[in-house]
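Hi everyone, thanks for coming.

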Amino acid sequence: MSKRLPQVSGEWIDRSQPIAFRFEGRDYSGFVGDTISSALMACGVKVMGRSFKYHRTRGVLSMANHDVNVMVQDGARLNMRGDVTPLEAGMDLRAVNTFGGLAKDKARILDYLSAFLPVGFYYKAFHSPKFLVHAWEKLFRALTGLGRVDFNAPRIKTPKQYDFTDVLVIGSGPSGLSAAISAANAGAKVVVVDEQAGVGGWLGYNRGGQHDSSAILQGLLKTIAAQPNIDVRLSTIASGYYADHWVPLVDAKRMTKMRARAVVVASGAYDQPAVFRNNDLPGIMMASAAQRLIYRYAVQPASEVVVLAANTEGYRTAVNLHNHGVKVVALVDLRPEGESTPYAGAVAALGIDILVGHCIYEATPTSNNDGVRAAVICPRNAEGVVDTTVQSVLACDGIFMSVGWAPAAPLLYQAGTRMRYATHVHQFVPDVLPAGVFAAGRVNGVYDLTQKLKDGERAGQAAAAHVGLGSGPSVSVAPEAVSPSHPYPFVDHPNGKNFVDFDEDLQLKDFYNAAQEGFDNIELMKRFTTVGMGPSQGKHSNMNAIRVLAKITQKPIQEVGTTTARPFFHPVPLSHLAGRSFYPERLTPLQSRHESAGAVFMQAGAWLRPEYYGAAGVTREGAIAAEVQAVRTGVALIDVGTLGKMEVFGPDAGEFLERIYVGRYSNMKVGATRYAVMVDEAGVVIDDGVVAKLGDNHFYFTTTTTGSATVYREMTRLNTQWGLNVGIVNVTGSFAGMNLAGPLSRKVLAALTSMDVSEAGFPYLAVREGDVAGVPARLMRVGFIGELGYEIHIPATYAAHVWDEIMKAGAGFNIRPFGVEAQRLLRLEKGHIIVSQDTDGLTSPFDAAMSWAVKLDKPFFVGQRSLKILNEKARKQVLVGFAVPGSYRGPALKESHLVIDGQRIIGRITSVAFSESLGHFIGLMFIEMAQSAVGSHCKIRVDGKLVEATVVKTPFYDPEGARQKLEESA
Amino acid sequence: MPLRLLRFALNGKHSEPRMFRNHDTLKSSYDAVIIGAGGHGLAAAYYLARDHGMTNVAVLEKGYIGGGNTGRNTTIIRSNYLTPEGVEFYDASIKLWEDLGQDFDLNLFYSKRGHFTLAHTDSAMRTMRWRAEVNKHMGVESEVVGTKDIQDACPQLDMTCAGHAPILGALYHAPGAIARHDAVAWGYGRGADQRGVEIHQRTEVLNIDVKGGRVQGLTTNRGYISTPKILCAVAGSTPRVTNMVGLRTPIIIHPLQAMVTEPIKPWLNTILVSGSLHVYVSQSDRGELVMGASLDPYEVQSTRSTLDFAEGLSAHMLDMFPFLSNVKINRQWAGMADMTPDFAPIMGKTPVEGFYLDAGWGTWGFKATPISGKTMSYTLANDRDHDLIKSFRLSRFAEYELTGEKGAASVGH
Ligand SMILES: Cc1cc2nc3c(=O)[nH]c(=O)nc-3n(C[C@H](O)[C@H](O)[C@H](O)COP(=O)(O)OP(=O)(O)OC[C@H]3O[C@@H](n4cnc5c(N)ncnc54)[C@H](O)[C@@H]3O)c2cc1C
């Protein structure tokens, strides 16, 4: 049976574009412009979902994005709210959270069991006996949740954008539009957003009565059209308020991060339900929902209805309903004094019964619970006492409620607004607004249309003035004469099912019981009952919960207070928040060379580095061993361009280094290099590198690969305090670096340079500036891997050229590239540490056996005070070298294996490898001082078994360092 | 159906008594006063009354029971720490957790789910092995597992994390659990209340009276109380309270945020943590995915939310679970984490006689609620630090005797 009305002026649907869709396995049709709920209503479908806990039938409640009992799923799209989700052709929809379909939901039995499940029931049971706990949990988890995720759904990459405006107006109702116009008139650039697909808010659906709302709306829109400074964005949700007017605007396609200079919140108010038995049946809805159905979607919301009112809007709704062919059986007014405006007469003139000082005591369901059959009406006095002895039963298929509002204030709360409860409107209104945030219209407690327009004008002027435009508010707004909200629209019923929270299925008695159990302040009550924790975040339940609690505790509402409102205003998809994601990855200029040489890459911080170079038929271990062999016996080349590279210039350059590193640099000669260790204030090793002195006031130095950004940041931070006359430049990306290593490296280099590379001309630990393959270069003789070697630093743009030339020159010597793994082993054979692998969050240079690097007698360096104290203390542990006998055949030793003495942990391996050159496992370990002497034996736990090891001297390989200083003859 | 529920239905009237009494006035003196009715303060009160016979005790709470970090946390409970002293302490807590619901006769929804700390780099793998070795040594179930075990436990996880951070392995900790945070506070509160402890909500401590290096009493918004012993268990408010007695600690406050999705049908049955992606996630019995990330990188004494947090965490969630694109975030929030330099708490006696500190719980203190209550009640009753908390003494910072927990705790919770 179609409930579609004849054309309604201003309707949002496009009758020329019908849409076919499915719901719960049946075919339906609607129009472009429909939402899922409006299309279903038009097709006569009233039951659209099941509730979260008791699986009761539910239908339209608000049509305003709070109908969380009408959540539907279409394939991978889950938890779509039927009331606002635009209908699309071919949708195949199912209600979420049913077991066996909406109509036959097996879980509906829970509704009959509800007496067993009072508020907080789950805290009182299911925890013993202990062996059943898991089974209960499984049952809970089977029943819980709403939509079902489709694990095969692809990732949606949603773009994001930034935006700026002078004034952001949230809400396009009369007050929002009027604020936009007045702000724009003052010269401000204005963006208006509205979550609805159509402009006008209340003006768009509340038509009847003394104001011709569509004419007023047309007038506002005309002004706006002529005002180039106003940009109206519909179907756009202001999803949260963050510091400094930072408001994410979410639409179907993207999130726009709006930075406004001022914000006008004109977000209106949420129609609140009256609380009576069975107030959740399909067919019972907010009066505003009924009007939205009529004026936006041309749907008749019911055929015979009872209107429950406590304000003018209820009366106006009755008139509108009548005008669109709905039979209004009666208008029940909660207020003993009734309506004072001419609407009372207008309703009466239509022949509608007005029952003043009455309430709905309960709604009677149809036999199969798919709707409402009748309303039971009783007198109710000024004190709220209901006379249940006098009952009249009015047959109807709809009950429309207009008993009051709660301000749509989440954004105001998030902005830090202090709200106060204003009894003249029985709602919370802004008391103290933060700078640059303004409120207008219903959220500000202003309901009369003329006043709303004025209030918007005032707020717009104030916002413009805040950004330095115009002269501020020039209008004054008259307060409401009669409260649009009823202070206590509740009716007790011995059989309950009078719902306060529809998301969470909370009945009135749940609140009494919670208070009885001691949860009698609003925050505890929220946590115990879970009121407001559902997907609508309490938009139609928080205010009623506060009213109930005030009544129970006999406290003024102001004192009861509110709970904290947090983002988001409406839930936001992960895709919108995530955006496209951004993973910067750093590659050295030699990446293509590594790729063509068969490199297997590993991550090192943001960098990709060759772990080793693979070849067909060669294992990882084999490849690494061959690379090591090449370095030890021939010549090989490694890309070290990922090292941090810094340059300091200026008269204080030397002093600066003295302060940031633990060693001494003031006595360095130009042309020399020196190892450098950095510690933090607590004396913990945080970085190391090599410092090269290029000129009297000029140093070039390296940091670890992962440390470069933090070290640079810390250096600039420190010098902001110190004010030394020094320039610090991070040249990590401008220079490429490669280490040409092995006994034959000098021969290769000699072929490519005009420099004197003899041992005398370019000795160990020297730095030289010269040329390599025709490119200006800085070369350092370094010792990290323990063979003759040259670290060559060149401008990054020439890197590939130099690499290729070295490879060509080395071809006759069987040169090959080597990767990080080979380098790790080579340095381990030399006993060199890797900061952060062989050190941890507490390691001092003393612990790391690097006392020699620390010059405590310097005037000052970062961490000096701590190191002086630590130097006086007995040391607990120290990093030593160890070896496992060559006869060991058990499972491989690994880093982090523990050193065990009886029941105690006395140490830990930080680096370990099987050394081909030595024929046994070698490594570095932390060990307690008492066991740390060279020659001591200890036991390492390897896969549960204890393995003997001996503390040995480092370096393990070439202890005299002869190979690094290799003379020409070699 | 449990008998308990039958009783609800058959009794016409709701017969459940108050969980905590209301007290209109403060007494002029108590044997001990606990500042903060979070889990820690209430647990200390409970064990003081139950184990040490001290019942003339007041718990003062400026807001409401459990409204601090206790009621904001993501409730991950585990004991796979890095240092022997840490493992021993948190393991003792797990042992208490396991029977707590029965002790209280309250369902805490203590749910043992198993806990995976994912490793995406070889250095993370080294740390995982370190933790596993120490844990096993201490008798705690913990092991390094490969990718197959991870996939078996969570087949939906994208093991490459969108290609950005392939998972190499994980530290698996079978005892890893979650619990309903509010119920924990209520259970301790009810138990303490039943034994005579007074809990005063909306009662803020404004000043502490110290004379001759000894605690004399304190001033609240409801008047002065004299007492010889004060336990400070105020987490994110610690610096404000220690300032009242002139005590310096290295605690600084950083916001820690979290968020939840709308309810969806349960599919994630374990707890996953990724240090590299800064994500930890579990799915509650309501069906919400409960998620957190690392600390906000700056010191702020506030519980405001930031958009950056929601954006970053969402991006990382989708790297791990691309199919969640359509799932919506319902709510985000923040707590104030009391961070210490070594990621371990500060517990025990202080240089101010009668002033006991239970602080520095940062991002990890919920799991310690039972054991901190146990050990702090002992410490307060005997005026002697309990053995389990000696490594956590305040003086360790001046003594350069920090614990080495930093390596494991950074995003673990
Ligand atoms: C987002 C987030 C996630 C977390 N996740 C985890 C996790 O997964 N696992 C885990 O183990 N830990 C986690 N934590 C940490 C954990 O929540 C806390 O360490 C723990 O709850 C601290 O408990 P508490 O009782 O000490 O403090 P709180 O619960 O904060 O209680 C302190 C109380 O003191 C009150 N107070 C403060 N000042 C005064 C005063 N002057 N007078 C009176 N009362 C006062 C406060 O109002 C508060 O109620 C998380 C924390 C946050 C914020």
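This is a predicted model: local features need pLDDT of at least 70, side-chain atom pairs count only at pLDDT 80 or more; totals for chains, interfaces and linings use all residues.

Residues are numbered from 1 along each chain as its sequence is written, and chains are lettered from A and ligands numbered from 1 in the order in which they are written.

Okay, chain A. It has 25 helices and 48 strands; helices (H or I, at least four residues) and strands (E, at least two) are DSSP runs, numbered from the N terminus. Is chain A compact or spread out? Its radius of gyration is 39 Å, well over the 30 Å that the globule rule gives for 970 residues, so chain A is more spread out than a compact globule. That radius is taken over C-alpha atoms, and the rule is 2.2 Å times the number of residues to the power 0.38. Along its principal axes, the C-alpha trace of chain A spans about 120 × 70 × 55 Å. Of the 970 residues in chain A, 56% are buried. Buried means that 20 or more other C-beta atoms lie within 10 Å of a residue's own; exposed means 12 or fewer, partly exposed is in between, and the C-beta atoms are placed from the backbone.

Now chain B. Here we have 10 helices and 19 strands. The radius of gyration of chain B is 21 Å, close to the 22 Å from the globule rule for 413 residues, so chain B is as compact as a globular protein of that length. Its C-alpha atoms fill a box of roughly 65 × 65 × 40 Å along the principal axes, and buried residues make up 62% of the chain.

Chain B is also divided into domain 1 (26–73 + 182–251 + 342–409) and domain 2 (111–177 + 253–337), with bounds that come from an automatic or database domain assignment. The centres of these two domains of chain B are 30 Å apart, taken over C-alpha atoms. How many residues of domain 1 are in contact with domain 2? Nine, and they meet 10 residues of domain 2. By contact I mean that the C-beta atoms of two residues, placed from the backbone, lie within 7 Å.

So where do the chains meet? The contact takes 77 residues from chain A and 73 residues from chain B. There's a strand pairing across it too: strand S29 (residues 572–573) of chain A runs antiparallel to S17(B), joined by two bridges. Strands pair if DSSP finds at least two bridges between them. In this pairing, Val572(A) stands opposite Ile329(B).

S17(B) turns up again at the ligand. Strand S17 (328–339), strand S13 (252–261) and helix H2 (39–52) of chain B each supply at least two residues of the shell. In total, 41 residues surround the ligand, and the closest are Gly36(B), Gly38(B), Gly68(B), Gly335(B) and Gly365(B). A residue counts as near when its C-beta atom, placed from the backbone, lies within 6 Å. Domain 1 and domain 2 of chain B each give at least three residues to that shell.

Back to chain A, and strand S22 (residues 398–402), where five of five residues are buried. Gly398(A), Phe400(A) and Ser402(A) point one way, and Ile399(A) and Met401(A) the other way. Met285(A) stands opposite Phe400(A), while Val306(A) stands opposite Ile399(A).

Next, helix H24 (residues 820–829) of chain A: eight of its 10 residues are buried, so the helix is largely enclosed by the rest of the structure. Its cover includes helix H19 (620–633) and strand S45 (904–915) of chain A. Just after H24(A), Gly831(A) takes a positive phi of about 70°.

Last stop: Pro955(A), in the segment after strand S48 (945–952) of chain A. Pro955(A) counts as partly exposed because it has 19 C-beta neighbours inside 10 Å. Not counting residues up to four places away in sequence, Pro955(A) touches Gly786(A), Glu829(A), Lys830(A) and Gly831(A). And Arg827(A), 128 residues away from Pro955(A) in sequence, is 9.1 Å away in space, C-alpha to C-alpha.
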